[in-house]
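Please open the structure in your viewer and keep the selection tool at hand. The tour moves from one selection to the next and says what is to be found at each stop.

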Amino acid sequence: MATTSGHRSKARNSDRLRDLCCDLQAQRHSRSLLKCLLFTLPGLAILAAGVLLLLRFAVTPQLKAYIEDARLTSFVPAGILSPSGSAATYNVSISVAITVRNPNGAMDIKYTKPLVAVFLFHDRRLYNVTVTGAGHRHRPLKREVHILHTGGEVPYFLDAAAVEEFTKQNATGVIKVEMRLSGQIKLGIGNIRVLELSCPLTLRRPAPPPGTDPDVVVFPEVDCIPDKPKKIVF
């Protein structure tokens, strides 16, 4: 009986020693893990800050835009001629279907200022049309289609050289108009960019051959090209 009791006592002591050893090892592991975290967390924070700074300055907000269709309904002199030979007003009517795409696959683009389309002839303003208002969010990789219309009379805007150019183009039935997109956009990480795109349009007066549908007009797709801000004469 004494021998059996002695064996049990030794077993209990062995278990206690093993538990104590395990506790000491666990404490050592905990301390090592704590030390590792204390050294690692600042490094991770610095790495994250570096990545954010890299994205902040290296990633530029982008928009892609192209004209799917454009129609010239009217661009004719109206009213009394000025001393330079230009009409006091012009009747202008243009319709445009424009697609705007966010090429970023990870982040929204927010319009911090309205996206505005300005129609120009010979660097003279015809009309302004708001494409998208400030605050609108453009989702990643999404395409948005906008139908723009201008119509009505615009004040005198052509000088003598522009009048001569308009007369030449008007005689051919082909009018070259520029549409400029301007605005300001921001990515989710705070990158802000002032946007300026040029969309050159070659518009033909609607004069389809006899027997054809006047709504069937072939229009070659036009890419809008990033450009520097342009001086526009009113």
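**A charged network**

Begin by selecting glutamate 196 and arginine 180, which form a salt bridge whose closest N and O atoms are 3.2 Å apart; the term stands for a side-chain nitrogen of Lys or Arg within 4 Å of a carboxyl oxygen of Asp or Glu. Because glutamate 196 lies in strand 9 and arginine 180 in strand 8, the pair ties together parts that are 16 residues apart in sequence. Both glutamate 196 and arginine 180 are buried, a word used here for under 20% relative accessible area, with exposed meaning over 50% and partly exposed what lies in between (1.4 Å probe, protein chains only).

This is a predicted model, in which local features need pLDDT of at least 70 and side-chain atom pairs count only at pLDDT 80 or more, while totals for chains, interfaces and linings use all residues. Residues are numbered from 1 along each chain as its sequence is written, and side-chain values use heavy atoms, with hydrogens and water left out.

Arginine 180 counts as buried because its relative accessibility is 1%, whereas aspartate 227, with a relative accessible area of 38%, is partly exposed. Salt bridges that share partners join Glu178, Arg180, Glu196 and Asp227 into one network, and the count of salt bridges comes to 5.

**Glutamate 178**

Next select glutamate 178, which lies in strand 8 and whose side chain meets that of arginine 180 in a salt bridge (2.7 Å, N to O). Glutamate 178 is buried because its relative accessible area is 13%. Its side chain also makes a polar contact with the side chain of serine 198 (2.7 Å); a polar contact is a pair of N or O atoms within 3.5 Å, where within protein one must be able to donate a hydrogen and the other to accept it, and residues adjacent in sequence count only if both atoms are side-chain atoms. Leaving aside residues up to four places away in sequence, the residues that glutamate 178 touches (heavy atoms within 4.5 Å) include Val118, Phe119, Asp123 and Lys230.

**The nonpolar core**

Which residues have the most contacts inside the largest nonpolar core? Select Ile67, Val96, Phe119, Met179 and Leu181, which hold that place in a core of 40 residues; such a core is a set of buried Ala, Val, Leu, Ile, Met, Phe, Trp, Tyr and Cys residues joined through side-chain atoms within 4.5 Å. Among the elements that each supply at least two residues of this core are strand 1 (64–81), strand 2 (87–101), helix 2 (160–172) and strand 8 (174–187). Centre the view on isoleucine 67, whose contacts, not counting residues up to four places away in sequence, include Val96, Met179, Leu201 and Phe219.

**Threonine 132 and the whole chain**

Now move to threonine 132, which is found in strand 4 (residues 124–132). Threonine 132 counts as buried because its relative accessibility is 6%, and it touches Tyr111, Pro114, Leu115 and His146, not counting residues up to four places away in sequence.

Finally, zoom out to the chain, which has 2 helices and 11 strands, assigned as DSSP runs numbered from the N terminus (helices: H or I, at least four residues; strands: E, at least two). Of its 234 residues, 32% count as buried.
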